[in-house]
Amino acid sequence: MSGVVAADREGERDPGLQPERTRLAWRRTTLSATVAAVLAVKTALAGGVSVVGVVACALCCACWFGFLWIAHRRIRGLAAVSAPGALVPPYAAAAVICAVAMAGCGAVLVGVG
């Protein structure tokens with residue numbers, strides 16, 4: 001309890017393990033996006049190659065690279081400072097767009113296959 005009081009007196013926020021949990025969450029999400037991209041490639045190549053399947057797979061892989069870039073940037077940002085700020089809205093929007101686009105591409109691949 002005295003550590004919390006001392007941190008309050010100095011005007012600093014004690015983030016505890018929150019930044020580490022957030023970094024781990026970004027890594028887990030990136031891992032699941034990687035699995036989705038690998039499954040997209042597998043689905044696009046299984047049972048013959050179609051133009052729609054290849055385009056959906058390419059879009060899924062592009063979204064995966066975008067999400068990976070955003071996640072890596074956020075993980076580095078969380079590790080760099082003791083009290084990290086919030087994710088900036090353009091990066092948050094890009095991460096959401098990449099995730100939704102990957103889901104859409106997966107739906108197209110399931111429908112084609």
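User: At roughly what angle do the axes of α2 and α3 cross?
Analyst: This is a predicted model in which local features need pLDDT of at least 70, side-chain atom pairs count only at pLDDT 80 or more, and totals for chains, interfaces and linings use all residues. Residues are numbered from 1 along each chain as its sequence is written, and side-chain values use heavy atoms, without hydrogens and water. Axes are lines fitted to C-alpha atoms, for helices over the stretch in contact, and angles run from 0 to 180 degrees between N-to-C directions. The axes of α2 and α3 come within 9 Å, and they cross at roughly 165°.

User: Is α2 roughly parallel or roughly antiparallel to α3?
Analyst: Angles under 35 degrees count as roughly parallel, over 145 as roughly antiparallel, 65 to 115 as roughly perpendicular and the rest as oblique. The angle for α2 and α3 is roughly 165°. The two helices are therefore roughly antiparallel.

User: Which handedness does the crossing of α2 and α3 have?
Analyst: A crossing is left-handed if the near helix is turned anticlockwise from the far one by less than a right angle, and right-handed if clockwise. For α2 passing α3, the crossing is left-handed.

User: How many helices does the chain have?
Analyst: Helices (H or I, at least four residues) and strands (E, at least two) are DSSP runs, numbered from the N terminus. The elements run α-α-α-α from the N terminus on. The chain has 0 strands, and its count of helices is 4.

User: Are α3 and α4 roughly parallel or roughly antiparallel to each other?
Analyst: The axes of α3 and α4 are 8 Å apart, and the helices pack at an angle of about 155°. Their crossing is left-handed. At that angle, α3 and α4 are therefore roughly antiparallel.

User: Are α2 and α4 roughly parallel or roughly antiparallel to each other?
Analyst: Helix α4 covers residues 89-112, and its axis comes within 10 Å of the axis of α2, crossing at roughly 30°. The crossing of α2 and α4 is left-handed. Given the angle, the pair is therefore roughly parallel.

User: What share of the residues of the chain counts as buried?
Analyst: Buried means under 20% relative accessible area, exposed over 50%, and partly exposed in between (1.4 Å probe, protein chains only). The chain has 113 residues, and the buried share is 24%.

User: How far apart in space are the C-alpha atoms of Tyr91 and Ile70?
Analyst: Tyr91 belongs to helix α4. With a relative accessible area of 25%, Tyr91 is partly exposed. Tyr91 and Ile70 are 21 residues apart in sequence, while their C-alpha separation is 6.6 Å.

User: How far apart in space are the C-alpha atoms of Gly104 and Cys60?
Analyst: Gly104 is in helix α4. Gly104 is partly exposed, at 34% relative accessible area. Between Gly104 and Cys60 lie 44 residues of sequence separation, and the C-alpha distance is 8.6 Å.

User: Is Val49 buried or exposed?
Analyst: Val49 sits in the loop between α2 (18-45) and α3 (51-80). Its relative accessible area is 60%, which means that Val49 is exposed.
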